[in-house]
Amino acid sequence: MNEILKLRTTRTPLFLLAAAQLVVIAGVSGLFVSGADLADPLTPLRAIAHAGLVSIFSLVLGIIAVAGEYRHKTITDTYLGTPRRGRVVLAKLGVYAIVGVVFGLVSAAVATGATALWMNGKGGTFDFGDPDLWSTVAGCVVWNACFAAIGVGIGALIRNLVAAVAAALAWIALIEGIVGQLLGDLGRWLPFRSGQALEDVPFPGIDLLPQWGGAIVLTAYAAIFALVAVSTTVRRDVS
Amino acid sequence: MTDVSIRGLTKHFGKVQAVTDLSFEVPSGRVTGFLGPNGAGKTTTLRMALGLIRPTSGEALIGGRHYADLDRPRQVVGALLEATGFHPGRRGRDHLRVLAQAAGVPAQRVEEVLNLVELTDSADRRVGGYSLGMRQRLGLASALLGDPRVLILDEPANGLDPAGISWLRGLLRELAAQGRAVVISSHVLSEVEQTADAIVIIHEGRLRYSGPLDGLDGESLESAFLTLTGAK
């Protein structure tokens with residue numbers, strides 16, 4: 001569990017986790033400040049879904065796990081200690097999926113708490129017993145876990161930290177939208193849309209996979225990225 | 001009897017021939033100076049020996065095995081490479097703890113090597129605030145962590161002050177006297193002359209000399225080096 005010690009001995013993960021919580025609180029608050037319909041049963045779900053959107057931070061953390069080692073050249077020591085490089089990537093996949101779960105749980109707790117405060121503060125009611133709510137919470141946690149693992153795969157594939165983070169963010173902010181339009185119905189299978197499917201909240205005008213379908217598709221992306229990386233770029237010379 | 005055996009090692013980077021059919025032996029119980037001008041292929045050779053760069057042909061064996069096939073590589077080979085890095089936000093001690101854990105070395109050994117390289121007082125500072133000399137000592141501590149029988153050190157004196165260089169010389173002599181194989185690459189010929197028993201000189205990726213320090217026909221190391229590398 002060497003990866004956990006690596007993670008605990010730098011501050012980056014905590015900074016990312018803290019930044020994600022600010023975004024969650026701001027996002028939830030924004031929804032209520034802009035006059036969300038308190039009577040709509042989807043309103044609390046849409047608010048809590050921000051915990052899924054911040055899986056972008058989990059994605060970046062996963063990318064840093066591998067590409068950050070190349071950037072700081074600690075990868076040399078990592079491979080000297082574990083010359084079977086595939087094992088290094090596999091260990092990172094496992095550990096970062098769990099770290100993604102932790103990120104997802106913290107974010108979901110903060111999002112749920114903030115949503116409850118806003119609902120009650122605005123004179124609405126917040127029902128902790130709503131099963132739809134817990135389905136969304138679970139989906140957000142899984143989205144974070146999958147994106148952290150996908151980040152590990154992307155970091156291993158691209159290895160250049162700046163390029164990998166830029167490519168991942170550009171995909172989410174711009175490219176997936178364009179590709180999605182070109183693909184039509186098939187756009188449901190793209191990574192960010194699969195993440196949205198996990199949240200189990202209907203988005204008007206957006207065609208999504210069922211929740212379990214999103215989980216399977218994202219897991220497949222993580223596996224494919226890692227597999228391609230291990231059989232290509234990870235084998236390359238480290239100099 | 002663990003030593004390093006370089007056999008017909010060749011590496012092409014695209015059209016560039018970095019190392020060509022290089023063969024030499026590094027015996028145990030000696031300090032071997034690995035010399036060559038900038039770009040001669042020293043670092044590439046050392047990285048091939050450590051499994052970080054895949055040779056185009058030939059092989060590097062450590063105690064008869066490829067690095068990647070060693071069961072506990074850090075207990076066999078300790079390496080300090082020029083481009084070995086540290087996370088700037090990680091504390092010196094934590095850097096060693098990470099390596100020790102991966103190598104299966106007890107945590108107590110971290111304190112031993114910190115003492116050995118005289119870095120204990122700075123061990124709780126983040127590496128980003130270390131001087132070049134302190135980073136070099138941390139790198140040496142990493143190499144020594146597994147108490148290895150083979151040490152491969154790329155420019156180990158880099159960034160050390162005169163007292164540090166003198167200390168390093170004593171340490172390397174002692175490690176060799178314990179029966180370890182020690183390889184140091186360096187540009188500082190006068191330093192190598194005081195430390196090494198055996199010399200390997202390469203130029204443009206090819207072997208120019210491999211043998212004892214006193215086998216250079218009575219020439220000084222500098223004079224022989226310049227002749228062998230075509231600078232004179």
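User: Hi! Which residue is the bridge partner of T10(B) in β4(B)?
Analyst: Hello! S57(B) in β4(B) is the bridge partner of T10(B). This is a predicted model, where local features need pLDDT of at least 70, side-chain atom pairs count only at pLDDT 80 or more, and totals for chains, interfaces and linings use all residues. Residues are numbered from 1 along each chain as its sequence is written, while chains are lettered from A and ligands numbered from 1 in the order in which they are written.

User: Thanks. How many bridges join β1(B) to β4(B)?
Analyst: Five bridges join β1(B) to β4(B), residues 57-62, and the two run antiparallel. Strands are DSSP runs of E with at least two residues, helices are runs of H or I with at least four, and both are numbered from the N terminus. Two strands pair if DSSP finds at least two bridges between them.

User: And what about β1(B) and β2(B), in which sense do they pair?
Analyst: Strand β1 (residues 4-13) and strand β2 (residues 16-26) of chain B pair in the antiparallel sense, over seven bridges. L9(B), for instance, has L22(B) in β2(B) as its bridge partner. β1(B) and β2(B) form a hairpin with two residues between them, and G14(B) in that turn has a positive phi of about 60°.

User: Zooming out, how many helices and strands are in chain B?
Analyst: Chain B has eight helices and nine strands. Its C-alpha trace spans about 50 × 35 × 35 Å along the principal axes.

User: What is the radius of gyration of chain B?
Analyst: Chain B has 17 Å, which agrees with the value near 17 Å for a compact globule of 232 residues. The radius is taken over C-alpha atoms, and the globule rule is 2.2 Å times the number of residues to the power 0.38.

User: New topic: where is I56(A), and is it buried or exposed?
Analyst: I56(A) is in helix α5 (residues 55-71) of chain A. I56(A) is buried because 21 other C-beta atoms lie within 10 Å. The cut-offs are 20 or more such atoms within 10 Å for buried, 12 or fewer for exposed, and partly exposed in between, with C-beta atoms placed from the backbone.
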